[in-house]
Amino acid sequence: MATIKVHGSPYSTATMRVTATLYEKQIEFEFFNINMRNGEHKKEPFISLNPFGQVPAFEDGDLKLFESRAITQYINHEYADKGTKLTSSDSKKLAIMGVWSEVESHHFDQVASKLVWELGIKTLFGIPLDPKIVEENEAKLDSILDVYEKRLSESKYFGGDSFTLVDLHHLPPLHYLMKSQSKKLFESRPHVSAWVADITARPAWSEVLAMIPN
């Protein structure tokens, strides 16, 4: 039996970050589906794993973690010799990865998560979207993607010539945004568009998407 346990929702972008990393590293894990519609993430026993009541929560033997990026970093370091190498041993390349990791979490995801909620999750729950929020955040995303286009014209991936955690962390919001009206912002930029096509075609990502119920 797998010692790693992931407690989350297959629809959750944060959960997808963790499962994508596990599939890239070719690590077996046990998945416990948390029914967020029923508020299971705000109740025991889940709340004892993540006191903030947000998915995912993660267990590896006696180790218990929450916060998806902290979990992916742990998997990457603890299982460095398995599957895809998602980082670099070169200090300068690590520094570049660090810069774009910060950009992803503090710039891209702040905007993308609002658009995912409006254009993706609300649709699943049958909630009307807020056009003003969509318009404001698409304008912000447009500016961010200008920066992305320049970076990706200089480098195949954000961390250099190889796919890393920085690229992987973008995949969950891209899943929703590329099925929405926002996809035009990505498709209109050739280097961004090529990068999206590249990373979304990875076999490990297909395994993540296969977890989502039809």
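A polar contact is a pair of N or O atoms within 3.5 Å; within protein, one must be able to donate a hydrogen and the other to accept it, and residues adjacent in sequence count only if both atoms are side-chain atoms. The model is predicted, so local features need pLDDT of at least 70 and side-chain atom pairs pLDDT 80 or more, while totals for chains, interfaces and linings use all residues. Residues are numbered from 1 along each chain as its sequence is written, and side-chain values use heavy atoms, leaving out hydrogens and water.

At the start of helix 3, a side-chain oxygen of D90 lies within 3.0 Å of the backbone nitrogen of K92. Helices are DSSP runs of H or I, at least four residues, numbered from the N terminus. Helix 3 bends by about 50° at D109, the bend being the angle between axes fitted to the seven residues ending there and the seven starting there. Just after helix 3, G126 has a positive phi of about 70°.

An automatic or database domain assignment divides the protein into domain 1 (4-85) and domain 2 (91-206). Between them, the two domains bury about 1500 Å², 64% of it on carbon and sulfur atoms; buried area is the accessible area (1.4 Å probe) lost on being put together, summed over both parts. R17, E24 and R69 supply 33% of the area that domain 1 buries against domain 2, more than any other three residues.

Four salt bridges link domain 1 and domain 2, each a side-chain nitrogen of Lys or Arg within 4 Å of a carboxyl oxygen of Asp or Glu. R69 also forms a salt bridge with E104, with the closest N and O atoms 2.9 Å apart.

Terms used
Helices (H or I, at least four residues) and strands (E, at least two) are DSSP runs, numbered from the N terminus.
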